[in-house]
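Here is a brisk report on the aromatic side of one protein model. Read it with the structure open.

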Amino acid sequence: MDRRASESSEHSRVSDANTSRESGRDRSRSYTQSRASHQDDTMSVKARVQPLWKTWDKLARKTGEHATVYHTNGDRYRGQYENNMRHGQGTLLYKNGNKYEGEFQMDKQHGFGTHWICKDGKLRMQYRGGFANGKRAGQGVLAYEDGGKYDGEWLEGKQHGQGKMLYAGGEVHEGSWAEGKRHGPGTLFLPNGDIFQGEYREDLKEGPGTFFYVAKNKRYDGVWAHDVAKCGLYADVDEAPSNLPHLTLADPIAVLEGLARDLERQRLEKDHAQHLSQQPDITDSGEYGGPDSQQDWDGYGEGGEEEYVNADFSRVEEEDEEEEEEEDEDYFEDGDEVI
């Protein structure tokens with residue numbers, strides 16, 4: 001009996017130990033599964049929640065009409081946006097007090113608009129007209145601080161095309177412009193009533209032109225170089241009858257044309273010299289319009305230059321001498337007095 005009781009007690013202890021081990025394993029498996037589930041839930045929450053800076057950036061992206069937006073540089077803008085850029089109608093107030101009101105495209109002034117300048121706390125309209133990529137373009141009016149005004153065409157922020165400039169001193173120029181300078185045919189009206197009509201080049205009178213002395217009823221038809229009259233014919237606009245002998249050249253137009261050709265030749269020679277000075281030192285080939293051989297370059301520096309330039313005018317020095325001899329024979333008409 002004692003042995004049976006002992007065996008039964010031992011069997012009971014073994015069974016309890018096995019049960020305890022199985023329970024421990026179940027608890028371990030349950031903890032592992034619970035931990036894995038918690039990790040999955042945490043990762044799912046992290047996937048759903050974006051970083052705060054992304055949330056702010058998404059809210060800051062602007063499209064459509066917006067109230068006043070304050071920029072970090074101190075500027076303020078109120079108007080339309082597209083893809084977080086100023087696009088459409090809007091008003092931009094600069095930090096220094098200046099103001100632009102008009103059209104925008106891709107964050108730049110583009111289209112029709114008006115620009116004001118702030119001085120002493122007051123706004124003065126500076127420009128009204130077209131813009132392209134943040135620069136004046138197309139038709140527009142610019143008012144200068146000294147009282148001058150330009151009304152005409154613009155390109156890349158400069159006067160370019162046809163335009164009229166009213167200077168502060170009272171002069172008025174109307175004509176062609178290029179890159180912010182008078183260039184091409186134009187007319188200059190002076191405050192005293194005198195008028196100049198002629199060609200301009202880089203803001204200076206250059207080439208043929210006529211100057212009208214309105215008060216004296218005189219006119220001067222001539223040729224200008226670097227804003228200085230070089231040669232010309234001075235005469236009355238409307239000649240009145242007179243008993244004095246009439247002095248005249250046999251062919252004044254030919255004289256003026258000859259002088260004009262000389263001035264034009266000098267101008268082309270200067271341009272040609274500048275062109276050559278900008279070219280590389282080439283002695284073995286004819287690139288950039290130069291001579292085709294070393295022998296040609298040697299001759300070009302020793303008397304060849306004169307003939308090379310004159311070839312552009314389709315004449316040489318010998319032809320000039322013959323023409324001058326023929327002109328000298330018929331220079332004055334019979335009976336005319338010599339000036």
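## Gly140 and its strand

Gly140 is found in strand E7, residues 135-143. Strands here are DSSP runs of at least two residues, numbered from the N terminus. The model is predicted: local features need pLDDT of at least 70, side-chain atom pairs count only at pLDDT 80 or more, and totals for chains, interfaces and linings use all residues. Residues are numbered from 1 along each chain as its sequence is written, and side-chain values use heavy atoms, without hydrogens and water.

Gly140 has 3% relative accessibility and counts as buried. Buried means under 20% relative accessible area, exposed over 50%, and partly exposed in between, with a 1.4 Å probe and protein chains only. Leaving aside neighbours within four places in sequence, Gly140 contacts Tyr127, Arg128, Gly129, Tyr150, Asp151, Gly152 and Trp154. Contact means heavy atoms within 4.5 Å.

## Nonpolar cores

The largest nonpolar core has 13 residues. Tyr77, Phe104, Tyr127, Tyr150 and Trp154 have the most contacts inside it. Strands E2 (76-82), E4, E6 (122-132) and E8 (149-155) each supply at least two residues of this core. Apart from it lies another core of six residues, among them Leu188, Tyr200, Phe211 and Trp224. A nonpolar core is a set of buried Ala, Val, Leu, Ile, Met, Phe, Trp, Tyr and Cys residues joined through side-chain atoms within 4.5 Å.

## Aromatic pairs

Rings of Phe, Tyr and Trp (its six-membered ring) pair if their centres lie within 6.5 Å; planes under 30 degrees apart are stacked, over 60 edge-to-face, the rest tilted. By this rule there are 14 aromatic pairs. Tyr100 and Phe131 form an edge-to-face pair, 5.3 Å centre to centre with 85° between the planes. Tyr100 is in strand E4 and Phe131 in strand E6, 31 residues apart. Both Tyr100 and Phe131 are buried.

The ring centres of Tyr127 and Trp154 are 5.7 Å apart and their planes stand at 85°, so this pair is edge-to-face too. Tyr127 lies in strand E6 and Trp154 in strand E8, so the pair ties together parts 27 residues apart in sequence.

## Charges over rings

The charged end of Arg136 sits over the ring of Trp154, 5.4 Å from its centre. Lys205 lies over the face of Phe196, 5.3 Å from the ring centre. The rule requires NZ of Lys or CZ of Arg within 6 Å of the ring centre and within 35 degrees of the ring normal.

Notes. Helix = DSSP H or I, 4+ residues; strand = E, 2+ residues; numbered from the N terminus.
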